[in-house]
Amino acid sequence: MSPGPVEEPLERRAVISGIGQSAVGRRLGRADLDLTVEAALAAIADAGLDRDDIDGISTYPGMGAGTPGFGGPPSPEVQDALGLSLNWHDGGGEGPAQMRAVMAAALAVAAGLARHVLVYRTVTEGTAQGTGGRPGIGGAGGGGSVPRFGSFMQWSLPFGAVSAANWIAMVGQRRMHEFGLTREQLGQIALNGRRNAALNPKAIYTEPMSMHDYLAARIITTPLCLFDCDAPCDGSTAVIVSHRDVATDLDHPAVQINALGTALRGRPSWDQFDDMTTMAARDAGASMWERTELTPADVDTAQLYDGFSVLTIVWLEALGFCGRGESGPFIEGGAAIARDGVLPLNTAGGQLSGGRLHGFGLIHEACVQLRGEGGERQVVRPGGRHPEVAAVANGGGPIAGTMLLTRGLT
Amino acid sequence: MVANGPMLRLLPRLSDDVAFYWTSGEDGVLRLLHCNACGFFIHPPGPVCPRCLSSDVAPKEVSGRGHVETFTVNHQQWIPGSDAYIIAWVSIDEQPDVRLTTNLVDIEPDDVRIGMPVRVVFEQADDVWLPLFTPEGAS
């Protein structure tokens with residue numbers, strides 16, 4: 001159920017005034033704090049600000065979260081490293097996916113709790129996983145020393161449903177059953193990402209990939225192959241969320257937050273969500289469009305989460321770019337989602353080829369495109385204009401957040 | 001032939017709220033938490049019925065029959081040493097919006113169909129009886 005009409009969506013008081021990104025690579029061997037400082041200083045400078053202007057900080061997922069290399073430095077470490085004096089601070093892993101940190105910052109700015117918020121997401125999963133690949137769980141001869149599990153993981157771990165890859169594979173299989181999705185259609189998400197990554201100097205995988213390469217790749221968990229799963233990497237992405245009052249002071253177009261999509265109306269778990277083909281993306285998408293007069297037809301580029309290819313096609317439908325169950329035919333052949341297509345998608349290569357910057361790479365690229373700074377990969381719409389409206393989505397399954405960004409103030 | 005599951009079963013803690021579920025198979029019967037006030041099956045178990053908010057809830061036997069809602073054949077060595085195995089979401093016939101993440105056993109991947117009827121079989125691991133599912137009619 002919708003919370004009802006809003007007089008003025010307060011997120012529109014917020015703009016992304018600056019963006020920054022550290023070096024990105026498969027295994028950089030640098031500390032997460034080092035990468036974060038690099039990205040943060042770049043974003044602060046891009047916004048035309050000094051360190052002393054920053055009075056808020058926010059990150060995802062915050063302290064002590066997840067597997068090695070996943071969490072990035074907690075916000076107090078970054079505050080201290082940069083010598084920040086703050087009016088507002090936040091960090092956490094629960095909420096509308098990774099971009100919850102941007103959402104929180106926008107609302108803090110709108111409420112007057114802070115004026116310029118540094119928001120970052122840092123991963124060092126490439127280095128943490130080392131050269132031997134992803135470490136397994138347990139292993140032979142574990143005997144009685146294997147720990148027991150509680151909470152939500154107890155419902156899947158005993159059955160070897162260990163990874164989000166397994167859960168998302170089941171969403172994909174259900175889509176094949178209900179909608180006739182094919183592996184060749186799914187492969188277009190991977191191929192599109194690879195084509196765009198070739199024009200992104202920071203991308204992880206840039207060598208050309210054919211449909212034959214895709215179909216011949218090692219199966220991870222049916223129907224997903226290696227190229228349906230994103231590439232762990234090292235890198236930090238930062239954005240500065242500021243009050244819209246600053247928009248006229250910038251030497252580049254401000255990127256305004258037009259609407260946030262935050263709903264989670266179904267049951268918050270992978271196996272109990274009512275619709276196995278959509279999950280929370282359905283609710284987040286619907287709630288975003290409830291907060292804006294813009295429509296899917298206004299969107300010039302979409303940066304949709306591709307931690308796994310299936311999630312991207314779920315988002316295409318959840319955000320109304322095609323009808324329910326129609327994403328397969330929509331992406332067939334790849335023309336619709338190419339840079340010169342009706343919906344230029346994941347134009348920096350996404351996470352499948354660009355690297356798993358965990359949602360924030362997509363936010364960064366949306367800003368790049370809206371500012372017209374994409375260089376070789378810049379989207380140019382019919383009539384020669386640069387994109388004015390971008391949709392960004394993070395997450396999948398029972399965790400989803402989305403936002404609509406515009407060039408300049410609306 | 002695929003395996004029944006990973007080579008190592010990562011097991012749940014038998015805390016008070018879920019111990020009944022994970023040990024139910026000791027007598028070959030699947031049980032789910034049930035609301036005595038409105039008849040709703042509550043899974044995963046919780047302190048009150050999320051439909052009517054009654055706290056009059058208790059485990060109740062179910063038939064152990066269900067249907068395959070979707071599945072995947074896992075090949076990745078998340079748990080080193082594992083052969084391929086089938087993971088599925090199975091809906092429970094008494095209340096199909098309850099789904100169990102499980103393994104399908106005694107069936108080859110090519111024979112699995114979404115919508116096929118299945119019934120529970122239990123695999124004991126230490127003090128836990130894991131509910132797995134096999135095609136209806138299999139011996």
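A:M279 is buried, because 29 other C-beta atoms lie within 10 Å of its own; a residue counts as buried if 20 or more other C-beta atoms lie within 10 Å, as exposed if 12 or fewer do, and as partly exposed in between, with the C-beta atoms placed from the backbone. The phi angle of A:M279 is near 65°, which is a positive value in a residue other than glycine. This residue A:M279 sits in the loop between β8 (255-261) and α8 (280-289) of chain A, where helices are DSSP runs of H or I with at least four residues and strands are runs of E with at least two, numbered from the N terminus.

The model is a predicted one, in which local features need pLDDT of at least 70 and side-chain atom pairs count only at pLDDT 80 or more, while totals for chains, interfaces and linings use all residues. Residues are numbered from 1 along each chain as its sequence is written, and chains are lettered from A and ligands numbered from 1 in the order in which they are written.

In chain B, B:L53 also has a positive phi, of about 70°, although it is not a glycine. B:L53 is exposed, because it has 10 other C-beta atoms within 10 Å, and its place is in the loop between β2 and β3 of chain B. The loop between β2 (41-42) and β3 (57-61) of chain B holds B:P44, and the peptide bond that joins B:H43 and B:P44 is cis, with an omega of about -5°. In chain A, a cis peptide bond with omega near 0° runs from A:T222 to A:P223, and A:P223 is placed in the loop between β5 and β6 (224-225) of that chain.

Within chain A, helix α1 (residues 32-46) and helix α2 (residues 75-82) pack at an angle of about 60°, their axes being 10 Å apart; here axes are lines fitted to C-alpha atoms, for helices over the stretch in contact, and angles run from 0 to 180 degrees between N-to-C directions. From α1(A) the contact takes A:L33, A:T36, A:V37 and A:A40, and from α2(A) it takes A:E77, A:V78, A:A81 and A:L82, two residues being in contact if their C-beta atoms, placed from the backbone, lie within 7 Å.

Between the chains, the contact involves 35 residues from chain A and 34 residues from chain B. On the side of chain A that touches chain B, α5 (164-179) and β5 (219-221) each supply at least two residues, and the largest share, 7 residues, comes from α5(A).
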